[in-house]
Amino acid sequence: MNAALNVTLYIFSALAGLAVGSFLNVCIYRLPRGEFFSRSRSYCPKCGAQIKAYDNIPLFSYIVLRGRCRNCKERISPRYPLVELLTCALWVGNYAAFGMDGLTLVWDIAVSVLVVAAFVDLDTFEIPDSGIVVLLILGLVTFAPFGGVSWQDKLIGCVCVSVPMLIVCLFGGMGFGDVKLYFVLGLLLGWKKILLVFLLSAVLGAVVSVAVLVKKRVGKRGKNTSESRDEDAELAEYTSGSESFGESARDGEREGDDDDAGESNEDGAEESDVVPGKKGHEIPFGPFIAIATLVALYGGDAVISMYARILGL
Ligand SMILES: [Zn+2]
C-alpha cells in the first residue's frame, strides 16, 4: 500500500479512536443510570453544569483544564482520558493487525463494546445487555466466510465455554452476564481463541482475587477495632440500593482507587479495597474476560500455533 495512505489511515484510526473513546465515557456513565437518551449534552456530575463543546475535546480538554471542571473546579476522574487513550490504542492496534479490511471495523466496534462492558461491570457488577446484543450482531455478521474463522469453529466456540460456565453460574459461581459474554465472544472468535480467552481470564481472575484477599488481610491487621464501625457503615452505604451507587460511582470518589492511595486516607469511610458486590461476589469478572479477549485477538494465533507445535499437531 501507498505509504502516505497508510500513515493517513493510522492517524485516522487514532483520532477516530479518541473521539469514540469520548463517546464510550458517556456510555459508561449513562448506561447503568438509565439516562442514556434523556439528556443530549454531557454535564459535570458534581455541579451539573453543561460541558461546553470546546471543553469536550477528547484528551486535549482534560490536559488544558488540568483535570478539573471549568465551573466548579471539581476534579475530573483520570478514567475519562484513560478510556479515550485506551480506545485510541485499540483502534490503532486493530488497523495494525488487520489493515484496510472489514475485520478492522468489526473489531473496532467489538473492542469498544468490551471497554464499556469492563468499566460498567467494575462500577455495577453488571454487563449491559445492549453490549451483548452488539457483539451478537457482530458474531452473526461475520458468520459469512470472513475473518478466517469457519462457521463450524464459531458454532463450537459459542457453546464450548458458555455452556459449562452456565452450569457454574447456576450454582452461583459466576454471573450470568459473564456467561453471555463468553457465548457472543465464542461466536466471534471461534473455539480455539475462546478457549484461550477462558484460560487467560480464569488465571487473571485467580491472581487478582488472591492479591485482593492478601491486601484485605494485611489491611485488616493494620486497622484497629475502633475503625471497624466505619467499615460496617461503609458496607451498608454501598449495599443500600441505587442511590448510594450513584454516589459511589461518582468520579471524585473513584479517584482514590485509581491513585492507589489507601493508607493516607484518615478521614473517610468511603475508601475500600473492593466495593462489595450486590450478590456477594466481590470482584467483577467482565474486565478479565475483556483483557483476555484482547490478548487472544492480537496474540492468539501465535500462542495457538506454539501450542500446536508443542503438542506435535
Ligand atoms: Zn462542575
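Is Cys69 buried or exposed? Cys69 is buried, with a relative accessible area of 11%. This residue is one of the protein donors of a zinc ion in a predicted model. The chain has 313 residues, and buried residues make up 38% of them. It contains 13 helices and zero strands.

**Overall fold**

- Read along the sequence, the elements follow the pattern α-α-α-α-α-α-α-α-α-α-α-α-α, in keeping with the count of 13 helices and zero strands.
- Of the contacts between residues at least 6 apart in sequence, 70% join residues at least 24 apart.

**Zinc site**

- The zinc ion has four protein donors, namely Cys44 (SG), Cys47 (SG), Cys69 (SG) and Cys72 (SG), at 2.3 to 2.4 Å from the ion.
- The arrangement is tetrahedral because the four donor atoms subtend angles of 104 to 117° around the zinc ion.
- For four tetrahedral donors at a metal, the ideal angle is 109.5 degrees.
- The spacing of the donor residues in sequence is C-x2-C-x21-C-x2-C.
- Cys44 and Cys69 link distant parts of the chain, being 25 residues apart. Cys44 lies in the loop between α1 (3–30) and α2 (60–64), while Cys69 lies in the loop between α2 and α3 (79–98).
- Cys44 is buried, with a relative accessible area of 6%, and Cys69 is buried at 11%.

**Nonpolar core**

- The largest nonpolar core has 45 residues. The members that touch the most other members are Trp107, Leu135, Leu181, Tyr182, Leu185 and Val197.
- At least two residues of this core come from each of α1, α3, α4 (102–124), α5 (129–141), α7 (162–170), α8 (176–189), α9 (191–222) and α13 (286–311).
- Helix α4 gives the largest share of this core, 13 residues.
- The core lies between domain 1 (1–100) and domain 2 (101–313), because both domains give residues to it.
- Tyr182 has a relative accessibility of 0% and so counts as buried.
- Leaving aside neighbours within four places in sequence, Tyr182 is in contact with Val161, Ser162, Met165, Met174, Ile194, Val197, Phe198, Ser201, Phe285 and Ile289.

**Aromatic pairs**

- The structure holds three aromatic pairs, and two of them are described here.
- The rings of Tyr10 and Tyr95 have centres 4.8 Å apart and planes at 90°, which makes the pair edge-to-face.
- Because Tyr10 is in helix α1 and Tyr95 in helix α3, this pair ties together parts that are 85 residues apart in sequence.
- Tyr10 is partly exposed, with a relative accessible area of 31%, whereas Tyr95 counts as buried at 6% relative accessibility.
- The rings of Tyr182 and Phe198 have centres 6.0 Å apart and planes at 70°, so this pair is edge-to-face.
- Tyr182 in helix α8 and Phe198 in helix α9 are 16 residues apart, and their pair links distant parts of the chain.
- Phe198 counts as partly exposed, at 24% relative accessibility, while Tyr182 counts as buried at 0%.

**Residues with positive phi**

- Most residues other than glycine have a negative phi.
- Arg66 is a residue other than glycine with a positive phi, near 50°.
- Arg66 is found in the loop between α2 and α3 and is exposed, with a relative accessible area of 75%.
- Lys73 is not a glycine either, and its phi is positive at about 65°. Lys73 is placed in the loop between α2 and α3.

**Leu90 and its contacts**

- Leu90 is in helix α3 and is buried, with a relative accessible area of 9%.
- Not counting residues up to four places away in sequence, Leu90 touches Val111, Val115, Leu294 and Tyr298.
- Leu90 and Val111 are 21 residues apart in sequence, and their C-alpha atoms are 7.1 Å apart in space.

How values were computed: Residues are numbered from 1 along each chain as its sequence is written. This is a predicted model: local features need pLDDT of at least 70, side-chain atom pairs count only at pLDDT 80 or more; totals for chains, interfaces and linings use all residues. Side-chain values use heavy atoms; hydrogens and water are left out. Donors are N, O and S atoms within 2.8 Å of the metal (3.2 Å for Na, K and Ca); water is not among the atoms, so sites may look incomplete. Four donors count as tetrahedral if all angles lie between 85 and 135 degrees; four count as square planar and six as octahedral if opposite donors are over 155 degrees apart and all others between 65 and 115; anything else is irregular. Helices (H or I, at least four residues) and strands (E, at least two) are DSSP runs, numbered from the N terminus. Buried means under 20% relative accessible area, exposed over 50%, partly exposed in between (1.4 Å probe, protein chains only). A nonpolar core is a set of buried Ala, Val, Leu, Ile, Met, Phe, Trp, Tyr and Cys residues joined through side-chain atoms within 4.5 Å. Domain bounds come from an automatic or database domain assignment. Contact means heavy atoms within 4.5 Å. Rings of Phe, Tyr and Trp (its six-membered ring) pair if their centres lie within 6.5 Å; planes under 30 degrees apart count as stacked, over 60 as edge-to-face and the rest as tilted.
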